[in-house]
Amino acid sequence: MRDFRQILTMLALALLPLFGLACGGGGSGAFTLTGLSLGEPASGKGSASGKGPASGGQVVRSDLAGLHTRWIPSAYFDRSMDYTGSRFRVLPLAQLVERFGDDATDAVVLDCFDDYEGLLPVADIRQHDLHLALELEIDPQFKRPGWLQPMLVVVPDGQDAPHQERYMTANIRALRFVKRSDYYAPIAGKLSSEEAVQSGFSFFTDNCLFCHGLEGVGGNKGTRLLRAFDYKKNTGRERFENAFKAFHHPGNPDKQNMEQFLTDGSLGRVAAFLSALQ
Ligand code: HEC
């Protein structure tokens, strides 16, 4: 187990039926990310160019030097990790949106060192007063896994944010301030308006894209799904579903328990969506 977010994903996914797919992702966002987690925003996407730092629309740790920080606890974090007494040196993310975003910014892309790429809606940042930790202190009695590194997203005390893995994203290398419809445009632009395709797209962006990138958008931890299977053929779809089951099953402690998605038809819609991109 090397990935903090994977635990959280298990948690989040277990709770999804309760909370619904609250990920703001939905079908709207977009943006032209060329190089996966290294991607620079392509021109014309109206992100953090004007007020932003020099690093091509990306905000990295050194860009935050000199901003006012403070130390806070996070019961949300401690509960999720089964720790006590953790402390974080933080900045309010809303402040960073003001500073580095522009009028069109409605999401923050979290590029992680481990090829995970999260998307945090600005609405969530505001609603739960999400912060960004530049440093963390964990009580030495707890074994801190190697991947639990700043920068990371922190839910401050007093917020009743539901369990969402994106509220615990760690090991962040850079932030990008984007418009969701731009971020998802390389994918969305290739889709028909067919219901199964659109709902598969929405489901995929909420649950899969941060690890399985497509068309240069998203993370790069999981298999390249467009190359691995032929979704136009029934046999290909079957192989896809079987491979999914073989990997994302509850007995795999390192991976997400996503088996629920097999029973509710979501995976079939994902296949329809992936087929539209092939
Ligand atoms: C936290 C990261 C993560 C998330 C989220 C995730 N996956 Fe995966 N997935 C992986 C990794 C890692 C592998 C294994 C890659 C390998 O074996 O090299 C994998 C493997 C798979 C495989 C098997 C591929 C093969 O060739 O055997 C399928 C199919 C798959 N994922 C589909 C999905 C779908 C659909 C979703 C969303 C419902 C999803 N995954 C969400 C990380 C993730």
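Serine 266 lies in helix α11. Helices (H or I, at least four residues) and strands (E, at least two) are DSSP runs, numbered from the N terminus. The model is a predicted one, in which local features need pLDDT of at least 70, side-chain atom pairs count only at pLDDT 80 or more, and totals for chains, interfaces and linings use all residues. Residues are numbered from 1 along each chain as its sequence is written.

Serine 266 is partly exposed, because 19 other C-beta atoms lie within 10 Å. A residue is buried if 20 or more other C-beta atoms lie within 10 Å of its own, exposed if 12 or fewer, and partly exposed in between, with C-beta atoms placed from the backbone. Along the chain, serine 266 and glycine 200 are 66 residues apart. Their C-alpha atoms are separated by 6.9 Å.

Gly200 is one of the buried residues of α7. Others in that set include Val197, Phe201, Phe203 and Phe204. The cover over the buried residues of α7 includes α6 (185–188) and α11 (266–277). Helix α7 itself runs over residues 195–207. Its 13 residues should span 18 Å at 1.5 Å a residue, and this agrees with its end C-alpha atoms, which are 18 Å apart. The expected span is 1.5 Å times one less than the number of residues.

The protein chain has 11 helices and 10 strands. Of its 278 residues, 45% count as buried. Contacts (C-beta atoms, placed from the backbone, within 7 Å) with a separation of 6 or more come to 70% from residues 24 or more positions apart.

The largest nonpolar core has 63 residues. Such a core is a set of buried Ala, Val, Leu, Ile, Met, Phe, Trp, Tyr and Cys residues joined through C-beta atoms within 7 Å. Helix α11 supplies the largest share of this core, six residues. Domain 1 (4–183) and domain 2 (187–277) each give at least three residues; the bounds come from an automatic or database domain assignment. Val108 and Leu175 have the most contacts inside the core. Neighbours within four places in sequence aside, valine 108 is in contact with residues including Leu93, Leu120, Ile125, Leu175 and Phe177.

The ligand is surrounded by 20 residues, each with its C-beta atom, placed from the backbone, within 6 Å. The closest are Cys208, Cys211, Gly222, Ala243 and Phe244. Two or more shell residues come from each of α1 (4–19) and α9 (234–247). Helix α9 gives the most, with four.

Notes: Contact = placed C-beta atoms within 7 Å.
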